[in-house]
Amino acid sequence: MNERDLVLLAQKGDIKSFCVLYDSYKKKLYNYAYYKLGNQSDAEDVVQDCVLTAFEKIYKLKKPEAFQAWIFKILYYGCMTAIKAQIKQRETADIDDYQNILSYDNDSVIESEELKEALDILKEEEKNIVLLSVIGGLKSKEIAKITGLSAGNVRQKLSRSLAKMKKYLTD
């Protein structure tokens, strides 16, 4: 069964179809949130909230073929909210109680510290574009709708950002 059919069934309340959709995106969603937020716990929380929101609101999705862009848009805004919460927490945390929030799975190649460092050299907008493209698998037009940029500008920024990361990783 293709994704469009799964979305249509999920919109009619078929939980199994929604679970199949989730299974096909869960790793990409987590990886995007992990690199955006910098720690495993926040990434898991934001993905969980994203999936719950998607499940509750899937009936509002007008174009079933836009499911991927739609769920990543939900995740994108969830990450923005989590970043604001992280900033507020850092501002109010007692320095003695504050522990390193970076945590990662040493066995996972996708969560390598080197790749995280390469992403960290990018400006926030560039990082968003790279994550939505590489991790999310979104096209430039879909990223443009999320970020408010033109598709051409997204392609240009993606190309430059990937070149920056490549230079950082090879130097």
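**Contacts and packing**

Modeller: Leaving aside residues up to four places away in sequence, Phe67 touches Glu3, Val7, Leu21, Tyr25, Ile58 and Leu61. Please keep in mind that this is a predicted model.

Biologist: Which residues touch the most other members of the largest nonpolar core?

Modeller: Phe67 is one of them, together with Tyr32, Phe72 and Leu75; the core has 49 residues.

Biologist: Which elements give two or more residues to this core?

Modeller: They are helix 1 (3-11), helix 2, helix 3 (40-57), helix 4 (67-92), helix 5 (113-120), helix 6 (124-135), helix 7 and helix 8. Helix 4 supplies the largest share, 11 residues.

Biologist: What do nonpolar side chains tend to do in soluble globular proteins?

Modeller: They tend to be buried together.

Biologist: Let us turn to Ile146. Is Ile146 buried or exposed?

Modeller: Ile146, a residue of helix 7, has a relative accessibility of 5% and therefore counts as buried, since the limit for that class is under 20%.

Biologist: What does Ile146 touch, not counting residues up to four places away in sequence?

Modeller: Ile146 touches Ala69, Phe72, Lys73, Tyr76, Tyr77, Leu132 and Leu138. Ala69 is 77 residues from Ile146 along the chain, and their C-alpha atoms are separated by 8.2 Å.

Biologist: At what angle do the axes of helix 7 and helix 8 cross?

Modeller: The axes of helix 7 (residues 140-147) and helix 8 (residues 151-170) cross at roughly 105 degrees and come within 8 Å. Angles of 65 to 115 degrees count as roughly perpendicular, so helix 7 is roughly perpendicular to helix 8.

Biologist: Which residues make that contact?

Modeller: Helix 7 contributes Ser140, Lys141, Ile143, Ala144 and Thr147, while helix 8 contributes Ala151, Val154 and Arg155. By type, four of the residues in this contact are nonpolar, two are polar and two are charged.

Biologist: A change of topic: where is Ser17?

Modeller: Ser17 is found in helix 2 (residues 15-37).

Biologist: Why does Ser17 count as buried?

Modeller: Ser17 counts as buried because its relative accessibility is 4%, and the class covers values under 20%.

Biologist: With which side chain does the side chain of Ser17 make a polar contact?

Modeller: The partner is the side chain of Asp14, at 2.9 Å. Ser17 also touches Leu6, Leu9 and Ala10, when residues up to four places away in sequence are not counted.

Technical notes: Residues are numbered from 1 along each chain as its sequence is written. This is a predicted model: local features need pLDDT of at least 70, side-chain atom pairs count only at pLDDT 80 or more; totals for chains, interfaces and linings use all residues. Side-chain values use heavy atoms; hydrogens and water are left out. Axes are lines fitted to C-alpha atoms, for helices over the stretch in contact, and angles run from 0 to 180 degrees between N-to-C directions. Helices (H or I, at least four residues) and strands (E, at least two) are DSSP runs, numbered from the N terminus. Angles under 35 degrees count as roughly parallel, over 145 as roughly antiparallel, 65 to 115 as roughly perpendicular and the rest as oblique. Contact means heavy atoms within 4.5 Å. Ala, Val, Leu, Ile, Met, Phe, Trp, Tyr, Cys and Pro count as nonpolar, Asp, Glu, Lys and Arg as charged, and the others, Gly among them, as polar. Buried means under 20% relative accessible area, exposed over 50%, partly exposed in between (1.4 Å probe, protein chains only). A polar contact is a pair of N or O atoms within 3.5 Å; within protein, one must be able to donate a hydrogen and the other to accept it, and residues adjacent in sequence count only if both atoms are side-chain atoms. A nonpolar core is a set of buried Ala, Val, Leu, Ile, Met, Phe, Trp, Tyr and Cys residues joined through side-chain atoms within 4.5 Å.
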